[in-house]
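Open the structure in your viewer and keep the selection tool at hand. This tour goes from one group of aromatic rings to the next.

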Number of protein chains: 2
Amino acid sequence: MCHHCVMESVKAGMLSRRSFFKGTIAAAGAAALATTLPSRPLFAAETPKKAEDLTHEIWEQFPTYFGGQQLFIDQKFSHAKDTFNLNEWRISEHTGTHIDAPLHFTADGKSVAELPVEDLIAPLVVIDIRAKAAENPDAQVTPDDIKAWTSANGDLPEGAVVALLSGWGDHVATEKFRNVGDDGKTMHFPGFHVETAQLLIEQPSIKAIAVDTLSLDHGPSPDFIVHNTWLPSGRYGIEGVANLDKVPVKGATIVVGAPKIKGATGGPARIFALV
Amino acid sequence: MCHHCVMESVKAGMLSRRSFFKGTIAAAGAAALATTLPSRPLFAAETPKKAEDLTHEIWEQFPTYFGGQQLFIDQKFSHAKDTFNLNEWRISEHTGTHIDAPLHFTADGKSVAELPVEDLIAPLVVIDIRAKAAENPDAQVTPDDIKAWTSANGDLPEGAVVALLSGWGDHVATEKFRNVGDDGKTMHFPGFHVETAQLLIEQPSIKAIAVDTLSLDHGPSPDFIVHNTWLPSGRYGIEGVANLDKVPVKGATIVVGAPKIKGATGGPARIFALV
């Protein structure tokens, strides 16, 4: 499907699916359809008691979507010789636990540096599909998975970041993180289904989607359809999130330490969940 | 003064100054002298209401300590040609609003990635020396400045990050950020006085010191004495902090999104104050 066809298909899907969220999202979500968003609470719950690190350490051979090395560390000064240590990095913006800004899949969308600060702190929703991902590495977060979450936990919180917990974070140091199939090229890991991206776009307060895998799209995606649907809506994504199994599915607050480099289409981020 | 002499001077100074903090630091600070630190509250105050961005945007000509360019952006994919944008950065670890890890000035201290998460979230103390910095660009935070803060605000909070507000953040896009003098090489901007670093080291719970200038040491420092005193104590520093004039001198919580790159001696960080 060409890029134009994908976008037309997306728009058509959005129209036919408008009724889905009626009754399943917070009333405030409907109010947010107005031009001016209502001010939202910064924190999901009461004063947090502890912080969980949702960030993988990045080493030079950290697995990458394209397969090649994306971090190169060059020591410029050494303590033994110069009395201090200092390195220079060469690094792709899309390495490790990192952001996808709207600019990544648009001609002129927001860069990471342009994301509003209030979009970097949000109630965290965790959609746990570990059971089906263990059976099928190509599993996707579907609208039914969102429905199962709202049935158990109530409406999606205003201004949430919605994260996929597939269990793939456990595989980060192994071949299974990329999980290349028998054809030697197609990857197999979970991601969002495009219909889920469409549904979440209908709730304007939702700030971002996040995955514990290498891509918002599942491994075998031929067309980045989730990227092409979600990022042009002006919202951002997070890829390679760690430790989602250590936070509650509802009630934590995510703090996204996105790098503030001018014009960046993404970038390695330090991400915490405050619980 | 050679490195060894500096350290000997520091140790001597610490012994003679032990009495300073009696009565000026929280009682819990004394308890923290025990091997096991007591658990500390994550937040300075009640549930935060808003976030302030303490991070400067980094552009390629962002002013640097050494004077040369430290960020180079290379576009690898473009939306027009490839349907997505992606850049690669070449960047020094010590660029923009960034961390100094203990490893920066030690042979084998903690890297940024090894800093405990609980050290990256802390009560924020702002020491405002804007008045004297406006008179003298080489001004330093002295023990008297700390005393003035505690007289007005009570004991330093347990586990605080202590930040210098000199007003230098306003100069980031101008020559005055480096402020090179008539000799064509010596810089003139505020920093911490080594005796202040020594005093804060005596309160083991203090997690970091931060400056709104290019260096923990003030501009004319010939020997990085504050770096050589503070970082070997196992604590970290933050340089180039923005917007400290927009947060209260007491009561905010700093969240330090330090990059988690293996072996890093520092790195550009996204930093928030939750108020």
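A charge sits over a ring if NZ of Lys or CZ of Arg is within 6 Å of the ring centre and within 35 degrees of the ring normal. The model is predicted.

Begin with A:Trp230 and A:Arg235. The arginine A:Arg235 lies over the face of A:Trp230, 4.8 Å from the ring centre. Now select B:Trp230 and B:Arg235 in chain B: the charged end of B:Arg235 is placed over the ring of B:Trp230, at 4.8 Å from its centre.

Over all chains, the structure holds 20 aromatic pairs. For one of them, select B:Phe62 and B:Phe177. Their ring centres are 6.4 Å apart and their planes stand at 80 degrees; angles over 60 count as edge-to-face, so this pair is edge-to-face. B:Phe62 is in the loop between β1 (51-53) and β2 (71-77) of chain B, and B:Phe177 is in the loop between β7 (161-165) and β8 (191-192), 115 residues apart.

Are these two residues buried or exposed? B:Phe62 has a relative accessible area of 3% and is buried. B:Phe177, at 0%, is buried as well.

Move on to B:Tyr65 and B:Phe224. The ring centres of B:Tyr65 and B:Phe224 lie 5.7 Å apart with planes at 40 degrees, so the pair is tilted. B:Tyr65 is in the loop between β1 and β2 of chain B, while B:Phe224 is in the loop between β9 (208-211) and α7 (225-230), so the pair ties together parts 159 residues apart in sequence.

Finally, select A:Tyr65, A:Phe66, A:Phe105, A:Phe224, B:Phe77 and B:Phe84, which ring pairs link into a cluster.

Methods: Residues are numbered from 1 along each chain as its sequence is written. Chains are lettered from A and ligands numbered from 1 in the order in which they are written. This is a predicted model: local features need pLDDT of at least 70, side-chain atom pairs count only at pLDDT 80 or more; totals for chains, interfaces and linings use all residues. Side-chain values use heavy atoms; hydrogens and water are left out. Rings of Phe, Tyr and Trp (its six-membered ring) pair if their centres lie within 6.5 Å; planes under 30 degrees apart count as stacked, over 60 as edge-to-face and the rest as tilted. Helices (H or I, at least four residues) and strands (E, at least two) are DSSP runs, numbered from the N terminus. Buried means under 20% relative accessible area, exposed over 50%, partly exposed in between (1.4 Å probe, protein chains only).
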